[in-house]
Amino acid sequence: MKFEKITDTQIKIILDIKDMELHNITNESIIATSTFPQKLLQTMLKTAEKEVGFKADDSKLLVEATMPNNTECIFIITKHLPIKCLIIIISQISINRKIT
């Protein structure tokens with residue numbers, strides 16, 4: 001598994017064919033309504049915290065999974081922040097633009 005921290009609220013996880021075989025990942029298993037995707041997600045989040053410092057905490061998560069081909073699977077995981085946090089982040093972006 002390869003982990004990339006995109007922002008403090010978003011990461012990308014890339015699984016190659018060996019990872020997919022190890023975790024029995026197929027197109028069908030990714031979209032299954034069983035506990036399989038949940039267990040895989042928990043495993044990936046624990047590893048992401050160790051590898052890149054991404055903490056899901058109790059945040060709501062948006063999980064996007066794509067399989068562009070049969071040899072890799074890409075997950076984009078985004079934490080949804082409370083509205084107060086978004087206002088603070090937007091304010092900081094505006095302030096930074098005025099300074100630079």
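Author: One term comes before the pairings: two strands pair if DSSP finds at least two bridges between them. Keep in mind that this is a predicted model.

Start with the first pair. Strand β1 covers residues 2–7, and strand β2 covers residues 10–16. Five bridges join β1 to β2. The two strands run antiparallel. Lys5 stands opposite Ile11 in β2. Two residues lie between β1 and β2, and the strands form a hairpin.

Now cross to the other neighbour of β2. Seven bridges join β2 to β4. This pair also runs antiparallel. Here Leu15 stands opposite Cys73 in β4.

Four strands form an open sheet, in the order β1-β2-β4-β3. The pairing is antiparallel. β1 and β3 are the edge strands, and each pairs on one side only. β3 spans residues 60–69. From one strand to the next, the twist averages 20°. In general, strands of a sheet pair through backbone hydrogen bonds.

Compare that order with the sequence. Read along the chain, the pattern is β-β-α-α-α-β-β-α. That gives four helices and four strands. Among contacts between residues at least 6 apart in sequence, 50% join residues at least 24 apart.

Next, the packing. The largest nonpolar core has 16 residues. Ile13, Leu15, Met44, Phe75 and Ile77 have the most contacts inside this core. The elements giving two or more residues to the core are β2, α3 (36–52) and β4 (72–80). Helix α3 gives the most, with five residues.

Look at Ile77 in detail. Leaving out residues up to four places away in sequence, Ile77 touches Thr9, Gln10, Ile11, Ile13, Leu41, Leu45, Phe54, Leu61, Leu62 and Val63. Ile11, the residue opposite Lys5, is among these contacts of Ile77.

Asp19 sits in helix α1, residues 17–22. Asp19 is buried yet has no salt bridge. The nearest side chain of opposite charge is Lys18, 8.9 Å away. A salt bridge needs a side-chain nitrogen of Lys or Arg within 4 Å of a carboxyl oxygen of Asp or Glu. Apart from neighbours within four places in sequence, Asp19 is in contact with Met1 and Ile14.

Methods:
Residues are numbered from 1 along each chain as its sequence is written. This is a predicted model: local features need pLDDT of at least 70, side-chain atom pairs count only at pLDDT 80 or more; totals for chains, interfaces and linings use all residues. Side-chain values use heavy atoms; hydrogens and water are left out. A nonpolar core is a set of buried Ala, Val, Leu, Ile, Met, Phe, Trp, Tyr and Cys residues joined through side-chain atoms within 4.5 Å. Buried means under 20% relative accessible area, exposed over 50%, partly exposed in between (1.4 Å probe, protein chains only). Contact means heavy atoms within 4.5 Å. Lys and Arg count as positive and Asp and Glu as negative; His and the chain ends are not counted. Axes are lines fitted to C-alpha atoms, for helices over the stretch in contact, and angles run from 0 to 180 degrees between N-to-C directions.
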